[in-house]
Amino acid sequence: MRTVEIDAGSGFCFGVTAAIKKAEEELAKGTPLYCLGDIVHNSDEVERLRLNGLVTISHEQMAGLHDCKVLLRAHGEPPETYELARRNNIEIIDATCPVVLKLQQRIKKAYDSMDAPQIVIYGKLGHAEVNGLVGQTSGNAKVVETEADLAKVDPNRTTHLYSQTTKSLNGLRDIAAKLGEHLSENVEFHTFDTICRSVAHRVDNLREFARSHDAIIFVAGRKSSNGKFLFDECRAVNPRTQFISGPDELDLSLLEGAESIGICGATSTPRWLMERVKEKIL
């Protein structure tokens, strides 16, 4: 008898959940609401909210708006976005994740201090959250993700290393070790573990979930960096793991012979989408 289980720990993290709740509350008022960038890296959820009236805009489009409401998603934004809103009389509905907001404030405080260190951020260059973090340093922070990126870092300056909140703990430890080797011997160097624990703890839980099933269906948006990372973690312990963004991409032939199938997803994957995947399997 084939069984299909959805991982209880998968789905939206609390930051994304809060952002979507704010959007739904504003939309219920019947007034136009814009969102700066996709509210979550999942096209199905973005489309659901679009049908309810949420209009996704770019930074360039926001510059042309006046006297309206714009929601800032959980990833956060640099100071320039708030200044633009002030100039254009735009009401900000701020859904920045509290974990991200605290990290922004921490980086800004260090950067603004009298003995300001060199700020290095372990993260994905161009990622929305990373853009917001770099913005706290007037664009001067160095973003590193691989050992090759360390060439950007001045080896002779006091250095503080922070992490994008959704990166892996092992990745941070690895880049910190390599950065320590890159810096000159007597340079002061501090690493700050700023990874969100609600995300970090998912790794061990997902690996255990993946081991407990014959085959795994991992559901996430193609633009989700968290999804790519968690998918790789699942596949590392269960080679029969397939990545799909929705039920239409499901390859049922890959499930042949599997008596126990697990469905899981990223922090940006809605529960209702995983339910639809389960329905298609059954």
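Mentor: The largest cavity holds about 290 Å³ of space. A cavity here is a set of points on a 1 Å grid, laid over the protein atoms alone, where a 1.4 Å probe fits but cannot get out; points are joined across faces, edges and corners, and the volume is the space filled by probe spheres set on them. With a cut-off of 30 Å³ or more, the count is 1 cavity. Keep in mind that this is a predicted model, where local features need pLDDT of at least 70 and side-chain atom pairs count only at pLDDT 80 or more, while totals for chains, interfaces and linings use all residues. Numbering starts from 1 along each chain as its sequence is written, and side-chain values use heavy atoms, with hydrogens and water left out.

The largest cavity is lined by 22 residues, and C13, V16, H75, T166 and T267 are the closest to its centre; a lining residue has an atom within 4 Å of a point. By class, that lining has 10 nonpolar, 11 polar and 1 charged residues (Ala, Val, Leu, Ile, Met, Phe, Trp, Tyr, Cys and Pro are nonpolar, Asp, Glu, Lys and Arg charged, and the others, Gly among them, polar).

Helices are DSSP runs of H or I with at least four residues, numbered from the N terminus.

α1 packs against α2 (residues 43-51) at about 15°, axes 11 Å apart, and α5 packs against α6 (residues 128-135) at about 30°, axes 8 Å apart. Axes are lines fitted to C-alpha atoms over the stretch in contact, and angles run from 0 to 180 degrees between N-to-C directions. Angles under 35 degrees count as roughly parallel, so α1 and α2 are roughly parallel, and so are α5 and α6.

Note on methods:
On a 1 Å grid over the protein atoms alone, a cavity is a set of points where a 1.4 Å probe fits but cannot get out, and a pocket is an open set with protein on both sides within 12 Å along at least five of seven lines; lining residues have an atom within 4 Å of a point. Helices (H or I, at least four residues) and strands (E, at least two) are DSSP runs, numbered from the N terminus. Angles under 35 degrees count as roughly parallel, over 145 as roughly antiparallel, 65 to 115 as roughly perpendicular and the rest as oblique.
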